[in-house]
Amino acid sequence: MEKNTERPLITFAVVAYNQARFIREAINGAFSQTYQPLEIILSDDCSTDQTFEIMQEMAAEYEGPHKVRLRKNLKNLGLAGHINGVIAASAGEIISWAAGDDIALPNRTEIFVEKLLADPGNIGVHSNVVEIDLIGLPIRERLHTNLESTTSFDKVIQRGQSVITQSHAFRKSVFDVFGPFRADLTQEGIAMAFRECSLGKVAFVDQCLTQYRIGCGVSTYSGADINRRRSSEPIKFTNWYLSAFQQMLDDSKNLPYQLSSKQINIIKKNIAFYTNLLEINQEQRIITPLVRNFFMKPRDTKSLRAALRLILPVSFYRRIAS
C-alpha cells in the first residue's frame, strides 16, 4: 500500500488592531513562511488607523505561493473574540498566529508542523522568542518553560503555566472539543496550555522562532519584567489569571473525561483567590490586617506567601509580610 505523503493545509493568521506602524513587517513574516500548503489570514479587529488598508494593499500585491485571505471584524471584539473569529474562518488542520507587531521567522511553520506530525499525541507546540524593541533591535532571548513533562498539566492547573502563544501552533481540533473562548478571556496562553495538556502533549522547540516586539500594544513590558506588571497594572494582571482559570473551569465540562475532584477544587480555589484579589484592587481595601491574620497560622504561611508574592507589588508585599 502506497504511503500518503500529502502535507496538511496549515493556517497562519496575522491578528492586528491599530498596528499600522508594524503591520508590514508582521505580514512579510507570514509571506516568508517556507511551509506549503499554507493559508494566510490577515485579520483586523476594526482598527481606527490604517492597519486594514495596509493589509488590503499587501494582499493585492502578493504574488507568492500561499493563499491569502482578508477579514475584518465589523466591531472591535477584543482578544478572545478576535481569536474566535479567526479560528472559525480557518481551513487549516493546524493553526498558528502572529500579532500585528511581531515577526515570525521563515522556518517557523515548517518546524512546528514537523514537530506536531512527529507524534500524534502532540496537540500543540511552542518555542522561545527573541524580544525586540520598537525599531526592531534585539533586546534578549526569552526562554520559556518546557511543558513536555508529565507534570505539566498539574503546573497549568496549580500555577497558571502558559504556552507562549507569540510563537505557537496547535491542532484545530482543540477548538472542536472546547468551542470558542469566553468573551472576557484576557490571557489566552494559560487557556491554550490547559486545552492542549488536557488532550495530549505540548511539544517544545528550544529555538527562537519569533521576534516578539516589546513596548507597544499589549506587549508593553518584557516577559522577563513580570514584577513591573504586577506593580503598575495589578487589576489587568489579576484579570489575566482570573479569566484564564474561569476558562479552565468551563473547559473542564467539555473534556472527553472527568477531572479529579482535587483538580477541580484547585481550579475553583484559584478562581476564588483572584476574584478576591480583584475586588481588593478595585475597591482599594485595607489588606494588611487580613494578611497578617493569615500569617498567624503556620500551616497557611508558606502557600499564602507564595500566592501573595506572585501577585502583589514587591514593595507592598514586603511591607505587609514583615
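**Salt bridges and their surroundings**

Author: Arg-69 has a relative accessible area of 27%, which makes this residue partly exposed. The model is a predicted one. Which residue does Arg-69 pair with? Its salt-bridge partner is Glu-39, and the closest N and O atoms lie 2.5 Å apart. Distant parts of the chain are linked by this pair: Glu-39 belongs to strand 2 (residues 38–44), Arg-69 to strand 3 (residues 67–72), and 30 residues separate them. Glu-39 counts as buried because its relative accessibility is 2%, and the cut-off for buried is under 20%.

In total, the structure holds nine salt bridges.

Take the pair of Glu-57 and Arg-24 next. Their side chains form a salt bridge, at 3.1 Å from N to O. Here the elements are helices: Glu-57 sits in helix 2 (residues 51–61) and Arg-24 in helix 1 (residues 23–31), so the bridge ties together parts 33 residues apart in sequence. How accessible is Glu-57? Its relative accessible area is 32%, which counts as partly exposed. Arg-24 is partly exposed too, at 36%.

Helix 1 also has a buried set. Ile-23, Ala-26, Ile-27, Gly-29, Ala-30 and Phe-31 are its buried residues. In an α-helix there are 3.6 residues a turn, so residues three or four places apart point the same way. What do the buried residues of helix 1 pack against? Their partners are strand 1 (10–16), strand 2, helix 2, strand 3, strand 4 (94–99) and strand 5. Three of these names have come up already. Strand 2 carries Glu-39 and strand 3 carries Arg-69, and helix 2 carries Glu-57.

Is Glu-131 buried or exposed? Buried: its relative accessibility is 0%. Arg-140, at 37%, is partly exposed.

Strand 6 (residues 122–132) runs parallel to strand 9, with nine bridges between them. Glu-131 has Tyr-212 of strand 9 as its bridge partner. Strand 7 pairs with strand 6 as well, antiparallel, through four bridges. There, Val-129 stands opposite Arg-142 of strand 7. Strand 9 (residues 201–213) has a further antiparallel partner in strand 5 (residues 103–104), with two bridges. Ala-104 pairs with Thr-210 of strand 9.

Strand 6 and strand 7 make a hairpin with five residues between the strands, and Gly-136 there takes a positive phi near 95°. Leu-137 lies in the loop between strand 6 and strand 7 (138–142). With a relative accessible area of 46%, Leu-137 is partly exposed. Leu-134, Ile-135 and Leu-137 together make a nonpolar surface patch of about 280 Å².

Arg-182, Asp-184 and Asp-250 are linked in a network of salt bridges.

Glu-188 is in helix 7 (residues 188–199). It counts as buried because its relative accessibility is 13%. What does its side chain meet? The side chain of Thr-165, through a polar contact of 2.5 Å. Beyond four places in sequence, Glu-188 is in contact with Leu-79, Ile-83, Trp-97, Thr-165 and Phe-181. Trp-240 is 52 residues from Glu-188 in sequence, with 8.6 Å between the C-alpha atoms.

Finally, the whole chain for scale. It has 13 helices and nine strands. Of its 322 residues, 51% count as buried. Contacts between residues at least 6 apart in sequence join residues at least 24 apart in 77% of cases.

Note on methods: Residues numbered from 1 in each chain as written. Predicted model: local features only at pLDDT ≥ 70, side-chain atom pairs only at ≥ 80, totals over all residues. Heavy atoms only, no water. Salt bridge = Lys/Arg side-chain N within 4 Å of Asp/Glu carboxyl O. Buried < 20%, exposed > 50% of the residue type's maximum accessible area, 1.4 Å probe, protein only. Contact = heavy atoms within 4.5 Å. Polar contact = N/O pair within 3.5 Å; in protein donor to acceptor, adjacent residues only side chain to side chain. Pairing = 2+ DSSP bridges. Patch = residues over 30% accessible without salt bridge, like charges linked within 9 Å, V, L, I, M, F, W, Y side chains within 5 Å. Areas by Shrake-Rupley, 256 points an atom, 1.4 Å probe, with all protein chains shown as cover.
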